[in-house]
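Hi,

Here's the structure I promised to pass on. Have a look at it first, and then read my notes below.

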Amino acid sequence: MVSRPEWDSLHAPLPEARGLMRSHIDLPGLRWDRVTPEGLADASIAPFGAGHDLFGDGSLVLLPTPGHTPGSVSLLVRRPGHPPLLMVGDLTYDDRLLAEGKLPGVGDKRQLHTAVQQVNELRRRLPGLVVLPAHDPGAAARLAQAMRLPATPAV
């Protein structure tokens, strides 16, 4: 799955100059489904009014978090009896920095600022949300703990 803006950016001239490594993504034999965010009726994930619900049941939802690249998305994972997870990729390098509203050094600052604000608002709306940045050394331990913990009741 890839967002339409990400795919379009990958196929525009000089994608490497924008941080997109075509040779790592557009591999022979892979078929990418391009998704476009659509309206979401789930108030629990506001401020994200749009996204892509992969199964139509709210368990896996792609949320647009552009900034690092034009079509970056984060994946919200909700499992019965466990805290929700948000895999944010390269939106930040460290969950603590994200919680403080600090932006990473690479990407469109305006889009990053908006995406960081939205993720931090989602954190307030979903008690126990575990944020998992791709390069955060502490993410693996937080994920392991989340797999053992029961879900925090919604407020």
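A quick word on terms before the notes: I say two residues are in contact when they have heavy atoms within 4.5 Å of each other. Also keep in mind that this is a predicted model.

I started with Ser59. You'll find Ser59 in the loop between strand 4 (50–53) and strand 5 (60–64). Is Ser59 buried or exposed? Its relative accessible area is 18%, and the cut-off for buried is under 20%, so Ser59 counts as buried.

What's around it? If you skip the neighbours within four places in sequence, Ser59 is in contact with Leu76, Val77 and Arg78. The Ser59 side chain also makes a polar contact, at 2.7 Å, with the side chain of Asp57. And although Ser59 and Pro80 sit 21 residues apart along the chain, 8.9 Å separates their C-alpha atoms.

Six strands make up an open sheet with mixed pairing, and their order is 3-4-5-6-7-8. At the edges are strand 3 (38–39) and strand 8 (130–133), each of which pairs on one side only. Helix 5 (residues 139–148) packs on this sheet and touches strand 7 and strand 8; the helix direction makes about 145 degrees with that of strand 8.

Within the sheet, strand 6 (residues 73–77) and strand 7 (residues 85–89) run antiparallel, joined by three bridges. Leu76, one of the residues in contact with Ser59, stands opposite Leu86 in strand 7.

Happy browsing!

Terms used: Residues are numbered from 1 along each chain as its sequence is written. This is a predicted model: local features need pLDDT of at least 70, side-chain atom pairs count only at pLDDT 80 or more; totals for chains, interfaces and linings use all residues. Side-chain values use heavy atoms; hydrogens and water are left out. Helices (H or I, at least four residues) and strands (E, at least two) are DSSP runs, numbered from the N terminus. Buried means under 20% relative accessible area, exposed over 50%, partly exposed in between (1.4 Å probe, protein chains only). A polar contact is a pair of N or O atoms within 3.5 Å; within protein, one must be able to donate a hydrogen and the other to accept it, and residues adjacent in sequence count only if both atoms are side-chain atoms. Two strands pair if DSSP finds at least two bridges between them. Axes are lines fitted to C-alpha atoms, for helices over the stretch in contact, and angles run from 0 to 180 degrees between N-to-C directions.
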